[in-house]
Structures are given as C-alpha cells and as structure tokens.
Amino acid sequence: MKLHEYQAKALFREAGIPCPADVMVTTADAAVAAAEDMGLPVVIKAQVHVGGRGKAGGVKVVSDSAEVGPTAKTILGLTIKELPVRKLMVAPALNIDKEVYLSILLDRGARKVVFIGCADGGVEIEETAKTNPEAILRHEVSGRELGSLQQSTFMDFASKLFSDPKQAAATADIMVKMGKLFLDKDASLIEINPLITDDKGEVIALDAKMMVDDNALFRHPELEELRDMDSEDKDELDAHEDGLSFIRLDGNIGCMVNGAGLAMATMDTIKHFGGSPANFLDVGGSSDPKKVVAAFKLILKDTNVKAILINIFGGITRCDDIAKGILQSLDELEVPVPIVIRLVGTNEAEGRKLLEGTDLTIALTLEDGATKASKMGGAA
Ligand code: GDP
Ligand code: MN
C-alpha cells in the first residue's frame, strides 16, 4: 500500500524526521485559507501516488496571494500519469540550498534492507543509476539491526551527501530514524527525494514517499485507515470483495486459476510458451460457482484479452463446481474470446462431462493449455 506524501510526513513527524508543516486540502478555497494561515510563499503539491509530480506541473511554489486560488484550481484539474488529482498539500515554501536523494528499501536480491543515497538529488534516481551508477551510495543492514541503528554507523555515508559535519550528523540521525520507522510500520520503502538543506543550513525532508507491506496491515489498523480508495485499482478492490485475488497485468491471456502458487506457475508457463498473461487471478480454494462468474467479469473487462486459460487443480475445489460456474458465466455473459481449460483433480470426470457440448478447448496438461492459449493470444 502506498501512502500519500502528507500521510508519510505525519509519520515522519512522529518519528522525529524533520519536515515542513503542511495542510491537506481538497478545494481551492481551502488552499487559499491554508496559505493565509501559514503566510507566503507556499508550495502547493498534488497528492497522487506517483513520482515526477513536479515535471507534470503538480508542484508549484506561489509567492503572490492572488495566485494561490488559481494555482490550486489548476493542479486540482490535472491528471498525472492517469491519476486525477483530488487532494493537495499546502506547505510553507523553503529556500533550497542543496537537494540530495535518500531512501531505505527492501532489497530482495541481497536479502537485506538497504539505504540508498545520492548527492545528486531531486531528479529521478533511476536515471542517475543508469547514466552514473558510481554516484549511488549503498549501505546494507540486516532486518535485525533496524531497531538499534547507531548514528555513528552512517557518518561516512552521510558526509558523502553533505560535507558539512553538522549537516552530515543530522542526516545520519535521520537515517537511524528512517530505519526505526521502516521496522515499526513494516514498510517496504521510505524515500526522501529531495532531502534538502535550506537557507539556514537545516537538513529537511522536502518530499516523502512511503510504501507499507500489505501483508502486515493486519497489525497496523492506523495505517489501513490511510488507504486511499480513490487511488487504488477499482477492479482489484472489487475482486477482494468477491473473495478473489486479482492483479491486472499488461498481456492478453486472461488467467483463472485456483491457488496463488498455481496462478504464478500458470503465468510463468504462458510466458515460457511465448504468451503474455493479462492478469493474476486466484479464485481461491472454495467451490462457489458465483466466484467463477465474478472472475469472468473481471477478466472480460480488459479489452486486451484475446483468450482465457482456466487452470484448475481440484483439491478442496471441486471441478464440477468450477464447470457449473463456467456454464453459468457462458449463460449470463457474452464471452467473445476462446477459452482453454485444464481441469484435473476432485470430480474431474463430472466436471468434464458438464462441459461437453460447449466449444471450450480442453487441455490435458498445463503445458498443452499454455501453448494453446499463447497461440490464441498471437504467440508464434
Ligand atoms: P516530485 O516531483 O513528485 O518528486 O515532487 P517533489 O516534492 O520532490 O517536488 C519537486 C521539486 O519541486 C523539488 O525537487 C523541488 O525542486 C521543488 N520544490 C518542492 N518544494 C519546494 C519548496 O518548498 N521550495 C522550493 N523552492 N522548491 C520546492
Ligand atoms: Mn520528489
């Protein structure tokens, strides 16, 4: 789950990481009132779950009080990388002396938590990583160390971001607090881009991006409340309500599978045979035909889908119930694409019998099914 900047900054304040005061507003009038309260200049920032808001016109420093309302209105009218702007953050604008990049994230490859730094901040770090990889600093820590990090450990790293010893010490202190916040909130990323020094030489987090692990939300009700339904994929939320796990992808073969592991294997197998999955979809272990109908609806919403591969390994899930769900779907919905099905396990004979007379393509193995579906999807 992604947090908005204003939400992440509230957590920063609790954790003792310095950042400017701010107010979240949803109307231009409220932005004007907030700016009057805090005094000019202010910075008005779109609150959407994407980076590069500045480049897209979603971050504006305003020094003229007459410009606050119109600027807020303009930003509220923007759509940044397909996300409509519905919330704004208003904060006192700072005079920036230097901008650097600082983050902490989970590095799955290294099986470590890693701090990433770059003296060349503000810009997109991915770009620097490509053009000037030597400029990227890394410091790995183990998950166990996160709660008890020492400022002294980071002095070397921090002084490569800010050579002034006081500023380096402040940065190292921020790193300790980032480590603790990362651990406390089960985060997968905390990114400060830019971390700045202002005209008084203070080190301040000017931007904040934070992601928390969905799987740990059950122990953070306070974070679950921060979920912004407006910014989440509507289909993925609906799927959740219907008891399905669904993630949209950009291929053209719709997948309907029982079990998350089998769903992953199915996607891999499709890829192996030159196809490209349109989604991850786990209908779960139960056998409710209604779930199959809901799954069809989700898959068919995606107009890229050229074929559907249903891969069911019946255990608790009964193949005849899945077959009933498929028949019900064909009855209720218009399914304009071919369906390939592999149905094995509990009640497979009954299931196959139910499907006799339909024009579904039966596959005997996953390889067979993935090959057929991939061909229908246009694979060579
Ligand atoms: P992003 O583009 O989504 O990463 O949004 P940021 O919050 O990082 O803002 C983009 C850029 O706007 C920053 O790198 C700064 O250069 C500039 N900016 C943001 N806040 C301020 C501010 O308070 N004062 C000044 N002068 N510039 C700011
Ligand atoms: Mn930024």
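The model is predicted: local features need pLDDT of at least 70, side-chain atom pairs count only at pLDDT 80 or more, and totals for chains, interfaces and linings use all residues. Residues are numbered from 1 along each chain as its sequence is written, ligands are numbered from 1 in the order in which they are written, and side-chain values use heavy atoms, with hydrogens and water left out.

**Manganese site**
- Asn 193 (O) and Asp 207 (OD) coordinate the manganese ion (ligand 2) at 2.1 to 2.2 Å; donors are N, O and S atoms within 2.8 Å of the metal (3.2 Å for Na, K and Ca), and sites may look incomplete because water is not among the atoms.
- The pair links distant parts of the chain, 14 residues apart: Asn 193 belongs to strand E11 (residues 187-198), and Asp 207 to the loop between strand E12 (203-205) and strand E13 (209-212).
- Helices (H or I, at least four residues) and strands (E, at least two) are DSSP runs, numbered from the N terminus.
- Asn 193 and Asp 207 are both buried, where buried means under 20% relative accessible area, exposed over 50% and partly exposed in between (1.4 Å probe, protein chains only).

**Pockets**
- The largest pocket has a volume of about 1,500 Å³; a pocket is an open set of points on a 1 Å grid over the protein atoms alone, with protein on both sides within 12 Å along at least five of seven lines, and lining residues have an atom within 4 Å of a point.
- Grid points are joined across faces, edges and corners, and a volume is the space filled by probe spheres set on the points.
- Of the 40 residues lining the largest pocket, Met 1, Asp 214, Arg 227, Glu 232 and Glu 236 lie nearest its centre.
- Helix H8 (234-241) is one of the elements that supply at least two residues of this lining, and H8 gives the most, with five.
- The lining of the largest pocket has 19 nonpolar, six polar and 15 charged residues; Ala, Val, Leu, Ile, Met, Phe, Trp, Tyr, Cys and Pro count as nonpolar, Asp, Glu, Lys and Arg as charged, and the others, Gly among them, as polar.
- The second largest pocket holds about 1,100 Å³ of space.
- It is lined by 46 residues, and the closest to its centre are Gly 51, Gly 52, Gly 122, Asn 193 and Asp 207.

**Cavity**
- There is one cavity of 30 Å³ or more, a cavity being a set of points where a 1.4 Å probe fits but cannot get out.
- The largest cavity contains about 80 Å³ of space, and its lining comprises four nonpolar, three polar and four charged residues.

**Helix H13**
- In helix H13 (residues 366-376), Leu 366, Gly 369, Ala 370, Ala 373 and Ser 374 are buried.
- Viewed down the axis of H13, these buried residues fall within an arc of 125 degrees, so they line one face of the helix; the arc is that of the directions from the helix axis to the C-beta atoms.
- They pack against strand E15 (253-257), helix H9 (260-272), strand E17 (307-314) and strand E18 (339-345), with contact meaning heavy atoms within 4.5 Å.

**Single residues**
- Thr 128, in helix H4 (residues 125-131), is buried, with a relative accessible area of 6%.
- Lys 166, in helix H6, is exposed, with a relative accessible area of 72%.
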